[in-house]
Amino acid sequence: MKKGVLLVNLGTPDSPETRDVRRYLDEFLMDERVIDINAISRTLLIKGIIVPFRGPKSAKSYKEIWTQEGSPLMIYTVRVTEALKQRLGDDYHVEMAMRYQNPSIQSALDKLRAAQVTSIQVIPLFPQYASASTGSVHQKVMEIVSKWQAIPSISFINSFYDNELVIEGFAQNGAKHNPASYDHVLFSFHGLPQRHMLKADETKQHCLKAANCCDTITGANRFCYSAQCHATARLIAEKLNIPKEKYTLTFQSRLGRDPWMQPYTSEVVAEMAKKGIKRMLVFCPAFVADCLETIFEVSVEYDEEFKALGGEHIQLVESLNDSPIWVDALEQMVREG
């Protein structure tokens, strides 16, 4: 009689080959919570334009970060899952899945079902809540279990953007690089279209209308990705004594021409170089495992852009990956959940 735990990360191609990258992008971008437009337009856009043209370019980038063990995101997710199993002991059955591609949420839930667990706790591995990430995981799990005849008690973690152990973990990794020795610090989060923020505002009166609406968490913005990102950055900065004037919160990885959350990391990197900033330290606290967006987009692409404009170096702060304090945080969530 064990309790079930399901850890879910975003996903990764099965290999860095173009066919596998295209398959991954197709499943990812066809999610109605990711590209939230009507089905016909989404299909034409994704299958007719984005996947065919973006696939080869993304495959080239994946090859830059791929290791003998595979995708870094997969490696770290497997490691942290195994470590959590050891921590929790025989009273728990832990499985991991990816929202897109393999191992699938379906396969992980099938294993938990076969183990006859008494309950299932779902932990999407995204610190800040967004409909396109955490919300998508929740929806997929509910779609699958809704077809079961016997449904055990199921609980969901919504977010852990202010978890003390998570904040401490990012701060410890940042401290290794001595933030005071850098000219400026960026907290770069994965971006989302602005319309996602507006749709998540249940009051329809707060997002982009209230002054400094992301500076504090309130009843109106408690599920707002942007507000949670600001809170995470603020807590890490306070932990490391980084003054407000020395850090900037930005958003990376935009797609398409619609307005996304701002300021854009790429534009801030260019502005800092033009201002004479030479060395920047970059945290990516939306990612609990280093992946394409951190290892390649920040450490390679942004670093090259920065140097081309007169900067000297962009240093990425490692993510939580498989660190003991990250396992501590997950154990805490499970036991207190």
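Which residue in β2 is the bridge partner of glycine 11? In this predicted model, the partner of glycine 11 is tyrosine 100.

Glycine 11 belongs to strand β1 (residues 3–11), which pairs with β2 in the parallel sense over 8 bridges. Another position of the pairing is leucine 7, which stands opposite methionine 96 in β2. Strands of a sheet pair through backbone hydrogen bonds, either parallel or antiparallel.

The open sheet that holds these strands has 4 of them, in the order β2-β1-β3-β4, and the pairing is parallel. The edges are taken by β2 and β4 (153–156); each has a single partner strand, so one side of each is left without a neighbour in the sheet. On average, neighbouring strands of this sheet are turned by 20° against each other, direction ignored.

Helix α3 (residues 72–88) packs on the sheet and touches β1 and β2, and its direction makes about 165° with that of β2. Helix α11 (residues 324–336) lies across β1, β2 and β3 (119–124), running at about 140° to β3.

Strand β7 (residues 279–283) pairs with β8 in the parallel sense over 4 bridges.

| Residue | Bridge partner | Strand of the partner |
|---|---|---|
| glycine 11 | tyrosine 100 | β2 |
| leucine 281 | glutamine 315 | β8 |

**The helix pair α9 and α10**

Two packed helices are described by the angle between their axes and the distance between the axes. For helix α9 (residues 265–274) and helix α10 (residues 292–308), the axes come within 9 Å and cross at roughly 30°. Angles under 35 degrees count as roughly parallel, and that makes α9 roughly parallel to α10. The crossing in which α9 passes α10 is right-handed.

On the α9 side, the contact is made by Thr265, Ser266, Val269, Met272 and Ala273. Tyr302, Glu305 and Phe306 make the contact from α10. By class, the contact of α9 with α10 has 5 nonpolar, 2 polar and 1 charged residues.

Technical notes:
Residues numbered from 1 in each chain as written. Predicted model: local features only at pLDDT ≥ 70, side-chain atom pairs only at ≥ 80, totals over all residues. Heavy atoms only, no water. Axes fitted to C-alpha atoms, helices over the stretch in contact; angles between N-to-C directions. Helix = DSSP H or I, 4+ residues; strand = E, 2+ residues; numbered from the N terminus. Parallel < 35°, antiparallel > 145°, perpendicular 65-115°, else oblique. Left-handed = near helix turned anticlockwise from the far one by under 90°. Contact = heavy atoms within 4.5 Å. Nonpolar A, V, L, I, M, F, W, Y, C, P; charged D, E, K, R; others polar. Pairing = 2+ DSSP bridges.
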